[in-house]
Each structure stands twice: as structure tokens, then as C-alpha cells.
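The points are grouped by topic.

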Amino acid sequence: LYKHQNVDGSWDCKISKSGTIGLATLAFLGAGYRVDSLHKYAKTIQKAVDFMVKHTPNGVIDLQETVGDSKEARGPMYGQAIITLALVEAYNVGGVPIKEHVEKCVDTVLKAQNSKGGWRYKLKPSDADMSVTGWVFMALKSASYADISNKSEVKKALDRAIEYVKSTTDEQCGFKY
């Protein structure tokens, strides 16, 4: 990852640029690297964070995602959730002072929660599924540990998401749908 990062802080990927950038950043953070420590990956993490901040103006992702080699738009919520998770982790454990931006990204996913308590591909979904909900849940769980102003809304959203998950599973923890 270190050797293949682009100059702008991103990584090349055919499927999900935002997902790739978020997951690559999480790999460095998960290995215990921070931007405020002396190691060769500090600039790599900072460039990735700078790229993600630049491409989430006002907390909303602005990268066009594709499916495979096609230019078919996929909805932004997978990337929004993964980038939100990466930015929250960069703030929580990575030594990156981006509190206000993290709050904006968290607000975006909070507003995208549907009436069932889950999330789907679009910022204003009419339904929900477990794949997107799972990524958002991880982002919000991480945000629940952060020193952010919207912490009480995060708790409420997590409680609603738990109820959504319970409503979609049967007694053997299989999916009803």
C-alpha cells in the first residue's frame, strides 16, 4: 500500500475508489500507525486523510463510484460509510485533528438512516439492507467513542440499527428477507 499510493493520497481501484482509500487507511491505522509519530507511513496516512477530507466536502462524499469496469453509478453509501469509519478512526487513534470534519461525515450517515433503522445505497433510502447497514454501524460504533458533539444522536442511531438487525433475523439468526 505504501509503495502504490498515488501522489494525491488515493489508490487506484476499478470498483470503489472511496472504499479502497478508506480500507487502505484503516489498514495503516489498525497496524498502530499514527500521523503524529515518527515512522515512514505517517505521510501516507496524512495524504490519504487529506484526500478523503477533500472529497467529502460538508461531510458528503463526492467521488463517482463504478461497478466493475462500467460507469454505472452505485450509490454513495458504501463509500460514505467506509470513509466515515476511516476518518473517525484517524481522529480517534491516528493523531489527526479533524474533529469538525468527522462530525460532518457522521451527520451525513445519521441523516441517511431510514425509518426502519438501516441504510441502503443512497443518502435518502426508502429501504435498507445488511451490507450497507453493517458498514455504517461500524462507523457509528467508532464514532460513539469519539469526542464529538453529535454523540447522543450516534447512540440513538445505533439503538435503531440494532432494532433493524433484530427485525431482519429469525430465531436461528438467519435473514428473513
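In this predicted model, one aromatic cluster is formed by Tyr2, Trp11, Phe28, Tyr33 and Tyr41. The count of aromatic pairs comes to five.

**Aromatic pair Trp11 and Phe28**

- Trp11 and Phe28 form a stacked aromatic pair, at 6.5 Å centre to centre and with 25° between the planes.
- The pair links distant parts of the chain, 17 residues apart: Trp11 is in the segment before α1 (17–30), and Phe28 is in helix α1.
- Trp11 has a relative accessible area of 3% and is therefore buried, the cut-off being under 20%.
- Phe28, at a relative accessible area of 7%, is also buried.

**Aromatic pair Tyr78 and Tyr121**

- The pair of Tyr78 and Tyr121 is tilted, with 45° between the planes and 5.6 Å centre to centre.
- Tyr78 belongs to helix α3 (residues 77–92) and Tyr121 to the loop between α4 (99–111) and α5, so the pair ties together parts that are 43 residues apart in sequence.
- Tyr78 is buried, with a relative accessible area of 18%, whereas Tyr121 is partly exposed, with a relative accessible area of 28%.

**Surroundings of His101**

- His101 is located in helix α4 and counts as buried at 13% relative accessibility.
- With neighbours within four places in sequence left aside, the contacts of His101 are Met52, Val53, Thr56, Gly59 and Leu87.
- A distance of 9.6 Å separates the C-alpha atoms of His101 and Thr84, which are 17 residues apart along the chain.

**Packing of α5 and α6**

- Two packed helices are described by the angle between their axes and the distance between the axes.
- For helix α5 (residues 130–143) and helix α6 (residues 151–168), the axes come within 10 Å and cross at roughly 150°.
- Angles over 145 degrees count as roughly antiparallel, and α5 and α6 are therefore roughly antiparallel to each other.
- The crossing of α5 and α6 is left-handed.
- On the α5 side, the contact is made by Met130, Thr133, Phe137, Leu140, Lys141 and Ala143.
- On the α6 side, the contact is made by Val154, Ala157, Leu158, Ala161, Ile162, Tyr164, Val165 and Thr168.
- Sorted by class, the residues in the contact of α5 with α6 are 11 nonpolar, two polar and one charged.

Definitions and conventions: Residues are numbered from 1 along each chain as its sequence is written. This is a predicted model: local features need pLDDT of at least 70, side-chain atom pairs count only at pLDDT 80 or more; totals for chains, interfaces and linings use all residues. Side-chain values use heavy atoms; hydrogens and water are left out. Axes are lines fitted to C-alpha atoms, for helices over the stretch in contact, and angles run from 0 to 180 degrees between N-to-C directions. Helices (H or I, at least four residues) and strands (E, at least two) are DSSP runs, numbered from the N terminus. Angles under 35 degrees count as roughly parallel, over 145 as roughly antiparallel, 65 to 115 as roughly perpendicular and the rest as oblique. A crossing is left-handed if the near helix is turned anticlockwise from the far one by less than a right angle, and right-handed if clockwise. Contact means heavy atoms within 4.5 Å. Ala, Val, Leu, Ile, Met, Phe, Trp, Tyr, Cys and Pro count as nonpolar, Asp, Glu, Lys and Arg as charged, and the others, Gly among them, as polar. Rings of Phe, Tyr and Trp (its six-membered ring) pair if their centres lie within 6.5 Å; planes under 30 degrees apart count as stacked, over 60 as edge-to-face and the rest as tilted. Buried means under 20% relative accessible area, exposed over 50%, partly exposed in between (1.4 Å probe, protein chains only).
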